[in-house]
2 protein chains.
Amino acid sequence: MNKRVILAKRPVDLPKDEDFSVIEEPIGQLKEGEVLVKVEWLSVDASQRVYISGQRSYTDPVPVGGVIKGLGIGQVIESQSHAFKKGNYVSGLLGWQEYSKLPANHLTLLPPHENPRLFLGVLGITGLTAYFTVNELAKPKQGETMLVSTAAGAVGSLICQMGKMKGCKVIGLTGSDEKCQYLTRELGIDGAINYKKVENLSQAIKAACPDGVDVYIDNVGGEILDAALLNINKYARIVMCGAISSYNKKTAPPVHYYPLIISMSATIVGFIVFDFKNKYGLATKHLSKWLQQKKLKFSEHVVDGLENAPSALRLLLKGENTGKVLVRVTSGSPKL
Amino acid sequence: MNKRVILAKRPVDLPKDEDFSVIEEPIGQLKEGEVLVKVEWLSVDASQRVYISGQRSYTDPVPVGGVIKGLGIGQVIESQSHAFKKGNYVSGLLGWQEYSKLPANHLTLLPPHENPRLFLGVLGITGLTAYFTVNELAKPKQGETMLVSTAAGAVGSLICQMGKMKGCKVIGLTGSDEKCQYLTRELGIDGAINYKKVENLSQAIKAACPDGVDVYIDNVGGEILDAALLNINKYARIVMCGAISSYNKKTAPPVHYYPLIISMSATIVGFIVFDFKNKYGLATKHLSKWLQQKKLKFSEHVVDGLENAPSALRLLLKGENTGKVLVRVTSGSPKL
């Protein structure tokens, strides 16, 4: 039998336990070209809040009654395809379930690695998102000031470190004093602001970035984007990799200071990581090298048990994580 | 004596007559390097609403008691500079006044032209703004759909025509049925929407642009920007040349659908025309040629008399003009 987490109903605001159901279903026979994967680790991503909302997006929403869409890694336990054999480690949209039966072309073979779950994090979509944000879109120059929102998150913390590698002054925005300390002491960035504690965020950014903001990495939208806009310099670049403030809402919280984009000749650019599919190889090579050289640190926040995946998503949306949120699905997965 | 329009107090909402005063002052002696210009024509621009608001912008705000900043053209009547001689036509920030006394390096010598006021319009900032919007930033490709806000305005109507020259399907947004007719019949664009008459602007855009919007030229912000965002295609480019909806307000009206910038991998770029100063020559050459070839039509809305400049600005901000708003300052200026 296959334990699966399905969408019971479309969540309003923060997803609640009753928005999900855990069911058991038979796995069924493999068809020609299909592969059966035992799911070991699942990636928990803010974008999953969008998939379950039914909103227009770059991918089809999860229907009510459907298995929650999600990236995962696991081991092939049966294959009806020449492309994979038993024992291979693979990644793909395995979904919130113990076993995933997918056509071979929906899976990616992972190279041998002592920590295959890193392909969900620093060597996967998370690391690639950070890499393209900095290296393809923001392109910060040495000496510029870079402001990063959700800076202690999985993507944000990598962006901060890459900003430092580029010779920038990096200031992070995050939601607790512990995370501020993590950013400045562990990751060595130049400053961190606990946006929940300051009275006037725009003023706090001004104090931390007296020369203004040249590059702003937005993962939030709403008031935080507005506070950043009030501090941008001429020719500032704003990269939007997410709008987490909108994910629990029908419409995103308002932004008011967009006319500064005109007077500051600034650019806002959005992207999804798949836009750079043809550069995954090169990016992963760089990320692996930086990881080996210990130029990149990468934290993980592990939640145990498939049935706890909904609470892992909630934790991420509430910003209670530091680093990458992962669900360890099977009791048989290697220990951390 | 020199008749001058000064800022009496900072306007709230739409500027009222009592926000301005008309005064008479002696011109005073020319200093070494200064030039005295008899102002003939003034350009009325939405950006002047920003200058008089005291807001942070790319240029210093007009102080209370100061002459209203504004582009104009006129004839040199006295010169203490080798750069200009009596009779020369010049352009520059002459201000809302009959005579302007300025350092020579604040003025630009105009080439001989039968209609020197065109250097305030299609051959000046207006035409250059349209040119750089289309040719440097939006870069529309043949067959793409281009949506233009304030399409019957001075800049918008030029952008529409340049979009057609690039082989785009061009749809204009404007505020009256007469302007819709002007756009489709006179300028030959593919469709026009009277945004004041439609119940749901986003639906109306969808009906007019069934293949989605590849390029959107925004001069408004707020609800109109949101309605456009709801229709953008993958890799859409949005160029902001103005945010007229915000000019009478302390903060701009909200925008909510910015998360579509992420899922559609879109770009919003703002600019001011001075960013492209080093390309003015080439751009003006193109604009002159297109004008001679009758590829560009350019409407003017002339208001007579310096003392009517405040009402000319109000008319522009209310969108009651078709084409470029100009103030004819002196009774001695050539007739239209």
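Tutor: Buried area is the accessible area, taken with a 1.4 Å probe, that two parts lose on being put together, summed over both. Keep that in mind for this predicted model.

Student: What area is buried between chain A and chain B, and what share do carbon and sulfur atoms give?

Tutor: Start with the residues in contact. Chain A brings 39 residues, and they touch 41 residues of chain B. Between the two chains, carbon and sulfur atoms give 59% of a buried area of about 2,800 Å².

Student: How many salt bridges cross the interface of chain A and chain B?

Tutor: The test needs a side-chain nitrogen of Lys or Arg within 4 Å of a carboxyl oxygen of Asp or Glu. B:K234 and A:D275 form such a pair, with their closest N and O atoms 2.7 Å apart. Across the whole interface of chain A and chain B, the count is two salt bridges.

Student: Which element gives the largest share of the side of chain A that touches chain B?

Tutor: First, polar contacts: 16 residue pairs link chain A and chain B, both residues at pLDDT 80 or more. On the chain A side, the elements giving two or more residues are α6 (222–229), β12 (232–240), α7 (259–263) and β13 (267–270). The largest share is five residues, and the element is α7(A).

Student: How does the side of chain A that touches chain B divide by class?

Tutor: Sort its residues into three classes. The side of chain A that touches chain B has three charged, 12 polar and 24 nonpolar residues.

Student: Where does UniProt place the "transmembrane region" of chain A?

Tutor: The feature comes from an unreviewed UniProt entry. In the model, the span is 25% helix and 20% strand, and its end C-alpha atoms lie 30 Å apart. The record places the feature at residues 257–276 of chain A.

Student: Now inside chain A. What distance separates the centres of domain 1 and domain 2 of chain A?

Tutor: The domain assignment gives domain 1 two segments, 2–120 and 298–328. Domain 2 of chain A covers 125–274. Taken over C-alpha atoms, the centres of the two domains are separated by 28 Å.

Student: What area do domain 1 and domain 2 of chain A bury between them?

Tutor: Domain 1 of chain A puts 24 residues into the contact, and domain 2 of chain A puts in 16. Of the area buried, 56% is on carbon and sulfur atoms. The area itself is about 1,500 Å².

Student: Which element gives the largest share of the side of domain 1 of chain A that touches domain 2 of chain A?

Tutor: Two elements give two or more residues to this side: α1 (47–51) and α9 (309–317) of chain A. The largest share is three residues, from α1(A).

Student: Which parts of chain A does the salt bridge of A:E25 and A:R4 tie together?

Tutor: The N to O distance of this pair is 2.7 Å. A:E25 lies in β2 (residues 20–25) and A:R4 in β1 (residues 2–7), so the pair ties together parts 21 residues apart in sequence. The parts are strands β2 and β1 of chain A.

Definitions and conventions
Residues numbered from 1 in each chain as written. Chains lettered and ligands numbered in written order. Predicted model: local features only at pLDDT ≥ 70, side-chain atom pairs only at ≥ 80, totals over all residues. Heavy atoms only, no water. Domains from an automatic or database assignment. Contact = heavy atoms within 4.5 Å. Helix = DSSP H or I, 4+ residues; strand = E, 2+ residues; numbered from the N terminus. UniProt positions renumbered as here; feature names shortened; annotations may be inferred. Polar contact = N/O pair within 3.5 Å; in protein donor to acceptor, adjacent residues only side chain to side chain. Nonpolar A, V, L, I, M, F, W, Y, C, P; charged D, E, K, R; others polar.
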